[in-house]
Amino acid sequence: MVQLSPITKRLKKSVELLIGERYYYLTIAYNNDSRQIKNRERERMKKFIDLSQDIINHMPVYPGDGDVKLYQDKYLDKDGYTSFYLEIGMHAGTHIDTPMHLIDQKTFINEIPLHKFAGKGCFLDVRNEKVIEYKQEYENLVCKDEIVILYTNHSRYYGKEEYYTDHPVISAELADFLIEKKIKMLGIDMPSPDRYPFKIHKKMFENNILIMENLTNLSELLETVSFDVIAFPLKIKAEASMVRAVASIDV
Ligand SMILES: [Zn+2]
């Protein structure tokens, strides 16, 4: 073995450190590059469709519900910062109802596991049906744990009186079918799947199926073969919550 002088030893150590660091930096650069490329690819492959209504001052609400108040109460020039204030019922705009809304159930929406609010979407075109009926073809279309989206196109009346007074309803047979299929959530582009005494609501809730109401932009899903739905509620101790409902499509 060659004996190295103390100076040569120090030199060798410096070279090792230098090479080591260079290698380290090269590795980081490579990892960052490949991650950026992967992220870009992922972004290119995903398309998000917003299925939510805007939350604005005096927005439409279910007959009998309180007015929505959204206003600016702090101003940058006067207060040094900008801040808005919101007063809203849980059933205004795009929102999710949980069983507690209409049956004797004590779980608040903030206690429901997150996986209940995201999952594979199933799109059913039910336009021009005053009473939305079960159809044999749904047997192969609807699967367990899916978020079933019914496209009635009733959202075109959003903001008009008939939106709340003249919406389609779901037949008991269709509700029973969705329950039997054990779907995760029912999403609709109208304010309710039924009217007083809300038998369909109760039926779904008794079977632990959430209901997402007042969806919009569903026509954008017409040509879609496969999509996911993401609709997380606020972490709010209430029986329902406004949500940002989104369809995620692989393109
Ligand atoms: Zn509701």
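Trainee: How many helices and strands does the protein chain have?
Mentor: The secondary structure comes to six helices and 13 strands. Keep in mind that this is a predicted model.

Trainee: What share of the protein chain counts as buried?
Mentor: Of its 251 residues, 28% do. To count, a residue needs 20 or more other C-beta atoms within 10 Å of its own.

Trainee: What makes a group of these residues a nonpolar core?
Mentor: Its members must be buried, come from a set of residue types that includes Ala, Val, Leu, Ile and Met, and be joined through C-beta atoms within 7 Å. The largest such core here has 40 residues. I96, V148, I149, L186 and M212 have the most contacts inside it.

Trainee: Which elements each supply at least two residues of this core?
Mentor: Strands β5 (118-125), β7 (147-151), β9 (185-188), β10 (210-213), β11 (227-230) and β12 (240-242) do, along with helices α5 (172-180) and α6 (199-206). β7 gives the most, with five residues.

Trainee: What is I96 in contact with, leaving aside its neighbours within four places in sequence?
Mentor: Its partners are I109, L210, I211, M212, A231, P233, A240, S241 and V243. Each pair passes the contact test, with C-beta atoms within 7 Å.

Trainee: Which residues of α5 are buried?
Mentor: L174, A175 and L178.

Trainee: What do the buried residues of α5 pack against?
Mentor: They pack against β6 (131-132), β7, β8, β9 and α6. Just after α5, K182 takes a positive phi of about 60 degrees.

Trainee: Which residues of α6 are buried?
Mentor: I200, H201, M204 and F205.

Trainee: What puts them on the same side of α6?
Mentor: They cover an arc of only 130 degrees around the axis, so they sit on the same side. These buried residues pack against β8 (169-170), α5, β9 and β10.

Trainee: What phi does N208 take?
Mentor: Just after α6, N208 takes a positive phi of about 60 degrees.

Key. Residues numbered from 1 in each chain as written. Predicted model: local features only at pLDDT ≥ 70, side-chain atom pairs only at ≥ 80, totals over all residues. Buried ≥ 20, exposed ≤ 12 C-beta atoms within 10 Å, placed from the backbone. Helix = DSSP H or I, 4+ residues; strand = E, 2+ residues; numbered from the N terminus. Contact = placed C-beta atoms within 7 Å. Arc of directions from axis to C-beta.
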